Amino acid sequence: MPKFLVKRWHGLHHICAFVVMVAMTAALSWLHWLAAVLGLLATIGYGLFTLFAERAFRKDLRAYLNTLSYRVKKAGNEVISELPFGVVLYNEDKIVEWHNPFVAEMLEGESFIGQPLKELFPAWQPVKGKELLSEVAVGSKMYSFSVKPDERLIYIRDITQRWTLERKYEDEKLAIGTVMMDNLEEVTQGMDEQQRAALLSKVTSEITDWAQKHHLYLKRLTSDRYLFITDYATLKHLEQSRFAILDQVREMTQEQKIPMTLSIGIGAGGANAIELGQWMQTSLDIALGRGGDQAAIKIGEKQTFYGGKSGAVEKRTRVRARVVAHALRDMIKESSNVVIMGHKMPDMDSVGAAIGVLKAAQIFDKEAYIVIEGINPAITRMMEMIREEPKLFKWFISPEQALTLIGPKSLAVVVDTHRASMVKEPKLLSMTERVVVLDHHRRSEEFIHNPLLVYMEPYASSTCELITELLQYIHERVSLDVTEATALLAGITVDTKSFSLRTGARTFEAASFLRRNGADSTLILKMLKEDLDDYVKKADIIKQAEIVHEHIAIAVTEPNRKYSQLMIAQVADTLLNMNDVLASFVIGERPDGFIAISARSLGHMNVQVVMERMGGGGHLTNAAAQLECSPKEAAKRLKQVLKEIEEEEGLFE
């Protein structure tokens, strides 16, 4: 009992009154003994009454407090029992020690004390030692789990209504897209009007049926382009179908010399219609830049791709090459100097293309420099040939020298890549707004920011082929010396595997122009010769090869053995020569410690898609990636990616 009730100051008046009565009784005893006796009896009676009254007060108070404690405890139990959220206490072994009735009702049972949390909530993944707020589906409802690890306590709230509204809001968000026949001119070339109209009608009917099936609003903009509007929920269904319209149109027009292919660009999740339109156009540009025959979807910062199973169709007109050449010529003339960069770990295509651009700048008496840092085995012999030509070799500079030479009026030309993270010195791109990108790879999600001129043609065999065509239009009379012409032809030769892969009519035309300008095929043969030791090393790697999915060869190098990027790529090329091998992947450790993956195919499988999922990129038939792990871990991850693609849409065309 509290002290202020037992020893309360406001009870002192009883004691004071008792003392006064005793004093008065003593005083009366001097005056009259009978009055003193009566006073004493009254004092004793008052004292006894006060004592019994105090005892009765304490007894009643104790009874009241006991009743109040019971009522409070009972009310507390009722409040916990009637809480509109769940409370779970668990021990160190994640076993339930106590829960309130809300949890029992949620799990449709009476008591779950003593059961493991994993069994009760299999969809919930707790994080050790961390407070966690997560959403978990239990039955047909959605709950929010708030964990207090220090108290080993979980609060569970029913958020089904809020979650349903959020999902509905997300599903009803606007998504707009465009469908384009990306090779209409090439397919219909040579057709009369009747045949062209029949083909367009056939493809249009297929696209219209597809739109009606998926409840899309479709509007024809031009003869080869359509606009459609839908919502995010429908877009999810389209993704689940892997945009089957791409395969349907291609297979339907298979009897043509060149089958019709579609490119689809979609924007979703934007803040307004203007942003959605920009994302849609960006997605279409990327789909076309990657070779067409695919769908590109941009949802916020996320970019995803579907399709892309066929190779890019070779353009049969040189109009664009002429337009780009004239634009590049004007930009070179207006620049103070030209700085040319290839990708990291350059190959012959990168160096050859850079030499071609160097020649274009020199035609107009502009100082031009090629940025190169270190020489890898892929270009050792080429650089030895270039060193023998001092007039050419003096224009090769290091990234540090380039930083001192570039200015606001300088022209930065990036060849054989379009990713800022892949160039020799990314800082150079931020030091001038005049940037040109010349590349033959399929466009990836990452792209150099805001270039003035972009010439990307995935149909081309190599960047050297593109540069050779540009040189023919950039000036009426272009004269290459033997070293320059040989370097350009070497780039084409390496990227086409001696004119056996990704080779079109324009590839041979470019090679013919270079031969007329003195390109020496004997020098190229010397560049491509192999050492006996390297040949033996490649044979050791090939011995490790295994066949998966019936037609895919995967070779993983032995641990603690390092190989050059060139050798890893050459082994991948060699494996393609084996019977029944349609695609090859070679995984090995490079001297710099990174794990390199080289991927090759004969066109029946898009290895670019596989490498993009591994963090790399490239072409439909030629791609690569680099990882920071062990070769075995990289192989395990590669097999998982192949399995996922096989389950989603199939590995082969």
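This is a predicted model: local features need pLDDT of at least 70, side-chain atom pairs count only at pLDDT 80 or more; totals for chains, interfaces and linings use all residues.

Reader: Which residue forms a salt bridge with Glu 558?

Author: In general, side chains of opposite charge can pair when their charged atoms come close. Here the partner of Glu 558 is Arg 561, and the closest N and O atoms are 3.5 Å apart. Arg 561 has a relative accessible area of 31% and is therefore partly exposed. Salt bridges that share partners also occur: they join Arg 242, Arg 613, Glu 644 and Glu 648 into one network.

Reader: How many salt bridges does a search of the whole structure find?

Author: The search finds 23 salt bridges. One of them brings together the side chains of Lys 236 and Asp 171, at 3.5 Å from N to O. This pair links distant parts of the chain, since Lys 236 lies in helix H9 and Asp 171 in helix H6 (residues 160–171), 65 residues apart. Lys 236 is partly exposed, with a relative accessible area of 34%, and Asp 171 is partly exposed as well, with 25%. A further salt bridge joins Asp 330 to Arg 329, with the closest N and O atoms 3.7 Å apart. Asp 330 has 35% relative accessibility, so it counts as partly exposed; Arg 329, at 23%, is likewise partly exposed.

Reader: How should I read aromatic pairs, and how many are found in the whole structure?

Author: A pair of aromatic rings is described by the distance of the centres and the angle of the planes. Seven aromatic pairs are found in the whole structure. In one of them, the ring centres of Phe 243 and Tyr 306 are 5.6 Å apart and the planes stand at 40 degrees, so this pair is tilted. The pair links distant parts of the chain: Phe 243 belongs to the loop between helix H9 (232–240) and helix H10 (245–252), whereas Tyr 306 belongs to strand S11 (residues 302–307), 63 residues apart.

Reader: Is Phe 243 buried or exposed?

Author: Phe 243 counts as buried, because its relative accessibility is 0%. Tyr 306 is also buried, with a relative accessible area of 9%. Phe 499 and Phe 508 form a stacked pair, with 5.5 Å from centre to centre and 25 degrees between the planes. Phe 499 is partly exposed at 26% relative accessibility, and Phe 508 is partly exposed at 46%.

Reader: Which charged residues sit over rings?

Author: Among them is Arg 157, which lies over the face of Phe 85 at 5.4 Å from the ring centre. Another case is Lys 298, whose charged end sits over the ring of Trp 279, 5.6 Å from its centre.

Reader: Which residues make the nonpolar surface patch?

Author: Trp 33, Leu 34, Val 37, Leu 38 and Leu 41 make this patch of about 550 Å². Leu 34 is part of helix H3 (residues 33–81). With 41% relative accessibility, Leu 34 counts as partly exposed.

Reader: Where is confidence lowest in the protein, and where is it highest?

Author: Confidence is lowest in helix H1 (residues 3–6), with a mean of 53, and highest in strand S12 (residues 338–341), at 96. The protein averages a pLDDT of 85, and 93% of the residues score at least 70.

Note on methods: Residues are numbered from 1 along each chain as its sequence is written. Side-chain values use heavy atoms; hydrogens and water are left out. Patches are made of residues with over 30% relative accessible area and no salt bridge: like charges are joined within 9 Å, nonpolar side chains (Val, Leu, Ile, Met, Phe, Trp, Tyr) within 5 Å. Accessible areas come from the Shrake-Rupley method with a 1.4 Å probe; for residues, only the protein chains shown count as cover. A salt bridge is a side-chain nitrogen of Lys or Arg within 4 Å of a carboxyl oxygen of Asp or Glu. Helices (H or I, at least four residues) and strands (E, at least two) are DSSP runs, numbered from the N terminus. Buried means under 20% relative accessible area, exposed over 50%, partly exposed in between (1.4 Å probe, protein chains only). pLDDT is the predictor's confidence in each residue, from 0 to 100. Rings of Phe, Tyr and Trp (its six-membered ring) pair if their centres lie within 6.5 Å; planes under 30 degrees apart count as stacked, over 60 as edge-to-face and the rest as tilted. A charge sits over a ring if NZ of Lys or CZ of Arg is within 6 Å of the ring centre and within 35 degrees of the ring normal.
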